[in-house]
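Please take a moment with the sequence and the model shown below.

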Amino acid sequence: FSHECRYIGTEGYEMNYIFQSMMQEFSEKRQGYLNLLRGYLMIVLAKLARIIAEEQTGEHYPYVKKKIILKKAVEYIHNNFQEDICLKSVASHLSVSPSYIGKIFKEFKGMSTVNYIIRYRVEKSCKLLLETSMPIHRIVGESGFKDVKFYYTVFKRLMGISPGEFRNKYLQ
């Protein structure tokens with residue numbers, strides 16, 4: 001096993017309990033202790049096989065921890081996209097450093113946290129463009145943008161057309 005193959009958290013307590021039970025059975029040598037030891041050994045081997053499989057697929061603890069942080073960050077962004085949020089506010093909400101949350105977004109989303117926020121806001125504005133007759137200058141604010149000119153620039157860069165053209169094209 002690799003030196004990084006360690007059990008922690010709940011698995012650690014379970015494994016520790018199993019090993020203690022094995023030691024007790026071995027020292028007492030009561031009727032059927034060998035069968036119990038074989039059973040415990042099978043449990044240990046199955047759990048170790050799971051740990052190794054999770055390491056190989058990237059599902060080990062640090063990976064899972066990052067996914068949980070990412071999920072909470074995305075949830076926070078989705079719930080607060082209309083507010084003045086940035087990398088620092090997302091990190092502060094999660095009690096992690098801005099650089100750490102930035103690395104997680106880059107690793108799992110392939111983009112920076114700020115770019116994710118912008119893309120999500122544009123996505124929300126597209127929905128408003130298609131589902132409401134709200135004027136575009138109001139949609140800018142409703143989708144979390146503070147500057148109309150910046151919104152138009154970002155929208156055109158991401159969607160390839162202006163918000164007005166988008167509305168006309170997809171409403172027909």
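K29 lies over the face of F26, at 3.8 Å from the ring centre; a charge is said to sit over a ring if NZ of Lys or CZ of Arg is within 6 Å of the ring centre and within 35 degrees of the ring normal. This is a predicted model, in which local features need pLDDT of at least 70 and side-chain atom pairs count only at pLDDT 80 or more, whereas totals for chains, interfaces and linings use all residues. Residues are numbered from 1 along each chain as its sequence is written, and side-chain values use heavy atoms, with hydrogens and water left out.

In soluble globular proteins, nonpolar side chains tend to be buried together. A nonpolar core is here a set of buried Ala, Val, Leu, Ile, Met, Phe, Trp, Tyr and Cys residues joined through side-chain atoms within 4.5 Å, where buried means under 20% relative accessible area, exposed over 50% and partly exposed in between, with a 1.4 Å probe and protein chains only. The largest such core has 16 residues, and those with the most contacts inside it are A73, I77, V90, L94, I101, F105 and Y116. Two or more residues come from each of α3 (61-80), α4 (87-94), α5 (98-109) and α6 (113-131), helices being DSSP runs of H or I with at least four residues, numbered from the N terminus. The most is given by α3, with six residues. Apart from this core lies another, of 15 residues, among them I139, V140, F145 and F166.

K124 has its place in helix α6 and, at 23% relative accessibility, counts as partly exposed. Leaving aside residues up to four places away in sequence, K124 touches F81 and S143, a contact meaning heavy atoms within 4.5 Å.

Rings of Phe, Tyr and Trp (its six-membered ring) pair if their centres lie within 6.5 Å, and planes under 30 degrees apart count as stacked, over 60 as edge-to-face and the rest as tilted. By this rule there are eight aromatic pairs. The rings of F145 and F150 have centres 6.1 Å apart and planes at 55°, so this pair is tilted; F145 is buried at 4% relative accessible area, while F150 is partly exposed at 38%. F166 and Y170 also form a tilted pair, 4.8 Å centre to centre with 50° between the planes, and, being four residues apart in helix α9 (residues 163-171), they are separated by about one helical turn. Ring pairs link F145, F150, Y151, Y152, F155, F166 and Y170 into a cluster.
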